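Biologist: Can you put the model up? I have some quick questions about it.

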Amino acid sequence: MASNPTIPKTAPFGDEEIALLNRVVGPASATQRAWLAGFLAGLESAAGGAAQPAAPARPAEPITILYASESGNCERLANDFAKAARKNALKPTLVDMADLDLATLPAIKRLIVIAATWGEGDPPARAVRAFNELMGESAPRLDGVEFGVLALGDTAYAEFCAIGKKLDERLEQLGAKRRIDRVDCDLDFAEPAGKWIADAVKTFAPAGATDSKVIEVDFSKQAVSPSLDIVEAEITEHLNLNSSRSDKETIHLALSFDGGAPPYEPGDSLDVYAENDPAYVDELLKLAGLSGDDKLRGELIKSRDITTLSLKTVETYAAQTGHRYVKQLIADNQAKEWIVGRQLIDLIATFPIALTAEHLRAITRPLAPRAYSIASSRREVGDEAHLLISAVRYETHGRARKGVASNFVAERVKKGGRVRVKLRPNRHFALPAPDRDIIMIGPGTGVAPFRAFVQERRATGATGRSWLFFGDRHFTHDFLYQLDWHEALKDGALTRMDVAFSRDTPEKIYVQHKMWDARRELIEWLDGGATFYVCGDAKSMAKDVRATLVRAYADVKSIAPEAAEQAVTSLERDKRYLTDTY
Amino acid sequence: MPNKELSSMEHLKARSRYLRGNLAEDMADPLTGGVSEDSAQLLKFHGMYLQDNRDLRPERTKKKLEKAFGFMIRIRLPGGVITPQQWLALDEVARTYAGETLRLTTRQTFQMHGVLKFNVKTVLKRINQVALDTIAACGDDTRGVMAVSNPHQSKIHAEVYDIARRTSLHFKPKTHAYYEIFLDGEKVAGEGERDDVETIYGKTYMPRKFKIGFAVPPSNDIDVFAQDLGFIAIVGKKNTIEGWNVCVGGGMGMTHGEPETYPRTGDVLGFCRAEDLFAVAEAVCTIQRDWGDRSNRKHARLKYTLDDHGADAFRAEIAKRAGKPLEKARPYLFTSNGDRYGWTEGENGKHHLTLFVENGRLRDFADGRRLLTGMRRIAEVHDGEIRVTPNQNLIIANIAPENRKTIETIVTEHRMAENATALRRNSMACVALPTCGLALAESERYLPSLITKLEARLAAHGLADEEITLRMTGCPNGCARPYIAEIGLVGKGPGRYNLYLGAAFDGSRMGKLFREDLDDEGIVAALDPVFAAYAKERKKGERFGDFTIRAGFVAKTMNGLDFHKDAGAKRTA
Ligand code: SRM
Ligand SMILES: Cc1cc2nc3c(=O)[nH]c(=O)nc-3n(C[C@H](O)[C@H](O)[C@H](O)COP(=O)(O)OP(=O)(O)OC[C@H]3O[C@@H](n4cnc5c(N)ncnc54)[C@H](O)[C@@H]3O)c2cc1C
Ligand SMILES: Cc1cc2nc3c(=O)[nH]c(=O)nc-3n(C[C@H](O)[C@H](O)[C@H](O)COP(=O)(O)O)c2cc1C
Ligand code: SF4
């Protein structure tokens, strides 16, 4: 948790920057503050004479930046936009879609929307309510509002940038005027997003105020704290927590950092920069007839996404190679269906053609990092960070598939080895005040952040009660961190734990069933002000858990389903129903 | 035993409120697959053992996991008789909750292993629906009552089986703890506080396990001389049981390096008439209850009580408690302690099939022998009964002649009766690793491969068809009664066994330690010359065990007290 803020929200910084600064300035001693003051002053003079005024003299024009974000990318971009805006005679107001009150929309003159798409074309969890209201009949007319939309997404998903697209259309329907065309960004969004922000700022800035400088959003530079850079970590522990009789493999990874661990908080994640499986790369190169090319090989292993097969990939492949059958596939609208469960390697294997290194570069995108919830608290493990990584393995179309990052960790990195990671803060999944109760639903790897929660609460001697729901396949073989939980229950860091194992009995039992069994106590805790956390699988678990909580309210308080739904919605509004799902 | 500190187990029993303790709470704890040490002890009285998979031990704590706990569940099955309907229920729970295997035991019943704590109640409730339970299948009480399984004398068998059933019932603990804890039965208010619940046992039950068995000559399949209390039926002219020779003080367990512990064959103390059976049985049981050593559990079995007090004192006390003295023992003749395989016809015109089940392991094996499924098919069509023999085998009993074909077909289709050699058919191994907490060496998982090697040696000496009994255990507790097998192999440490020779084929005499600490090759190398000599020097019809004594390989063991005396190889080639 952030220590009591010293730098006010009104400061000319993004919320996240403020948070980060506070982490440093907050606990700093008088001497440290004095030193900082001196240092900054020194900087100005060193920079040569007078500092640039943060904003032009005359009153800035207001602009609202509305963001729908789950894992923070859109939120960071919104902050970048705000910074750029301030430099261009605009007075930005940042609004998280979670907090959006629709009634305020019509009054806004300038509206920027930066939205991500999650699940299977769904809005980020926090944004669901506002999004639905905006799409619904009761949405207000927005004549007189000028707007622009930036969409974030992942071409690997069928519903690429669906939410950004929908918002873009809807605003126009409601009478708002589009001043700048939407851009749909893939995972490597830094460049296109940076460009769009620069253009948008230009477009909306009061005439004459624009300084022509294009601010490029290079994250490593943009980060105000070195902790947001990519750092190298040494693997000090690497063990599979599943028994040798389990059909799963879940790696507990302990990382240590030379320069001290990034200043992570419970609930934050780490981006892991993985490498592709050399064997897979070699197979790919062989199929492409490029086996000899070691430079290309290294490049593919380190930095290209060579597994994802998106519609875009197929189209580029057709365009680049002019492959007849691939063209045909697209012409017959078969492509969208064909790529399901397939990877790039299937495309090249099924539609072979002589390829050049350039072709391969063109049909692949940069390899994106994968996020992993941090499973430790710095207050307990010091300068380490723990991750809990489940090896993704499955078979489709007669081919054994291996998730890139999870198998990089499970199969190719060893104790003593090094990995590149980057802190991915998530202040929307943080612990409440120490005296508040918490309920944690974390089946499978979803339990990771809750290990951090429990460690943190032990270290800080928090007085609030903690209740954990965990589940997996087999009690004997898949009870992740079992002995840690036993200890936490003994020393009181954990008040209660309920477990559900789905494959020990003929009928499958999941966490939501255990929630239902304990619904009375659950609602008691929530009535008592407990915060409810859900982490893990987004596809079904998170939905089932929410549905179960609604049913629990209806049953325990004997109220109508609508009223129960309301109860949960208001938990969400009060930020007492928090999710981190994937 | 006066003024000696009672063992902790005695205190636990006394405060357990008739076997309740904290079992209910421990069973309900969802975060551990185990129970407290006290509860684990009490579990035994309810027919269960808390075990863990020893194969997995090395990796568990490293993976932040507790031991791989699993429950061993043993059925109470007097005389080893089970109905097809009961079989189907066992098959069902074994497939769903116990790793798709059932284990026949050396005391004619079934064990399931690796049952998760959270599934135990489901299993017990299911088998309870077919009138099966696990009460007193383990623990300091009268457990698994054995009875001859030999199918030839249908009438006598029916009679003896009925007696075994009633004996089991008579000595079954009266406490309702089992029903309360495992079957969600009515709580019997205040039972835990009363003093008069266990009319035979009292609050502290027996000093140690107490085993009863009924034999009918000529078959000694139950190994009557290994029972604490064995009865040998004396069958009269009119093919009815006139009474019983009473055999007291058998037991196999001992501890390596502790000569004050020893296996012992029971002594025939006398004869009692059929109508006095229960009086005598209760007399012996209560004598052991009152005289047995409750301070030292390694000296608590009836066999030590008997040697401590002497046969005469014991006989006198029986007379006192039973109301009349035992008569002079009647003559009897045993021919073997093994099973006879294949089809036979009983006096009642019904057919019986005795199936060899290697080490009592019922499973669908990778090599295509599908014993578990085959037995299920049989249970689905069979209208007689099924018997578990004391040699871990099965008898499909009382098959109506018209059903014989159907059953034969099932047997061949599932490859349930692949012909095994004489040695294999006369072998037994205890469970041992990975479930048995006391195992020092492999047994069930190892014996089959050893036998293959010994078969080759026997064949080489032209002895392939000789019936020789061979039994292996993973530790000296003797669960497969190795000391009364002509070749006894007893686990000493990983891959190491002590070899015993000289036991009688009919189970009436124990063997003698021949060689120690033998590994796989060592065993074969030690036995090969003995086989060779047997092939050359044996007299007509001379049994292997008797031969090894006459030929001077080992000294003869008369009884328990001289078991450790004069040990070692007297001759090696
Ligand atoms: C399953 C079985 C062996 C088999 O492969 O069939 C067996 C298995 C075990 N026996 Fe036994 N005994 C089995 C028949 C015997 C016999 C044979 C007999 O009774 O005819 C004996 C020798 C006779 C005797 O009691 O002396 C026997 C003497 C022991 C002993 C030594 C007792 C003693 O007082 O010396 C122990 C250890 C103990 O009780 O301290 C023991 C203990 C055990 C335990 C429960 C190990 C433990 O205490 O933790 C074994 C469970 C292993 C597992 O994973 O299943 N078992 N055990 C037999 C089950 C019989 C039944 O259905 O009730
Ligand atoms: C905020 C956040 C926190 C996370 N925390 C954790 C964590 O703590 N622990 C953890 O293990 N993971 C966590 N994840 C998930 C993690 O980031 C990766 O998505 C996961 O490890 C898979 O990455 P990969 O590179 O191994 O697999 P990839 O190479 O990315 O392959 C994954 C893809 O394979 C396909 N796929 C997967 N399974 C199947 C199947 N059965 N059938 C067909 N197709 C399939 C899907 O398209 C899926 O998107 C988190 C994700 C987010 C966003
Ligand atoms: C579990 C999961 C599901 C996603 N589903 C989609 C999707 O359906 N369509 C899409 O275009 N992008 C999808 N994405 C990609 C995200 O939109 C992308 O990572 C975006 O940068 C996240 O922005 P945020 O950090 O602001 O939430 C998904 C990402 C994850 C982790
Ligand atoms: S003989 Fe020893 S190893 Fe074998 S089952 Fe009995 S106790 Fe276990």
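Biologist: Which polar backbone atom is 2.9 Å from an oxygen atom of ligand 3?

Modeller: That atom belongs to A:Gly72. The pair is a polar contact, meaning two N or O atoms within 3.5 Å; within protein, one must be able to donate a hydrogen and the other to accept it, and residues adjacent in sequence count only if both atoms are side-chain atoms. Keep in mind that this is a predicted model: local features need pLDDT of at least 70, side-chain atom pairs count only at pLDDT 80 or more, and totals for chains, interfaces and linings use all residues.

Biologist: And what does A:Trp118 do around ligand 3?

Modeller: An N or O atom in the side chain of A:Trp118 sits 2.8 Å from an oxygen atom of ligand 3. A:Asp154 has a polar backbone atom 3.1 Å from an oxygen atom of that ligand.

Biologist: How many residues are around ligand 3?

Modeller: There are 21, and A:Ser69, A:Glu70, A:Ser71, A:Thr117 and A:Cys161 come nearest. A residue is near a molecule if one of its heavy atoms lies within 4 Å of it.

Biologist: Switching to ligand 2. Which residues are closest?

Modeller: A:Arg370, A:Ala371, A:Leu388, A:Ala405 and A:Ser406, out of 19 that surround ligand 2. A:Ala371 puts a backbone N or O atom 2.7 Å from an oxygen atom of the ligand. For A:Leu388, a backbone N or O atom is 2.8 Å from a nitrogen atom of ligand 2. A:Ser390 has a backbone N or O atom 3.0 Å from an oxygen atom of ligand 2.

Biologist: Now ligand 1. What surrounds it?

Modeller: 29 residues, with B:Thr105, B:Lys211, B:Thr435, B:Cys479 and B:Arg481 the closest. By class, that shell has nine nonpolar, twelve polar and eight charged residues. Here Ala, Val, Leu, Ile, Met, Phe, Trp, Tyr, Cys and Pro count as nonpolar, Asp, Glu, Lys and Arg as charged, and the others, Gly among them, as polar.

Biologist: Which side chains have a polar atom 3.0 Å or 2.8 Å from an oxygen atom of ligand 1?

Modeller: B:Arg107 has one at 3.0 Å. B:Lys209 has one at 2.8 Å. Strands E1 (48–52), E2 (69–74) and E5 (110–115) of chain B are the elements that give two or more residues to the shell around ligand 1. Helices (H or I, at least four residues) and strands (E, at least two) are DSSP runs, numbered from the N terminus.

Biologist: How much area do chain B and chain A bury between them?

Modeller: About 1,800 Å², with 59% of it on carbon and sulfur atoms. Buried area is the accessible area (1.4 Å probe) that two parts lose on being put together, summed over both. In chain B, B:Leu31, B:Lys63 and B:Lys64 lose the most area to chain A, together 39% of what that side buries.

Biologist: How many salt bridges cross that interface?

Modeller: Zero by the rule, which asks for a side-chain nitrogen of Lys or Arg within 4 Å of a carboxyl oxygen of Asp or Glu. Ten residue pairs are in polar contact there, both residues at pLDDT 80 or more.

Biologist: What is the mean pLDDT of chain A?

Modeller: It is 91, and 89% of the residues in chain A reach 70 or more. pLDDT is the predictor's confidence in each residue, from 0 to 100. Over residues 210–226 of chain A, pLDDT stays under 50.

Biologist: How are the residues numbered?

Modeller: From 1 along each chain as its sequence is written, with chains lettered from A and ligands numbered from 1 in the order in which they are written, and side-chain values use heavy atoms, leaving out hydrogens and water.

Technical notes:
Contact = heavy atoms within 4.5 Å.
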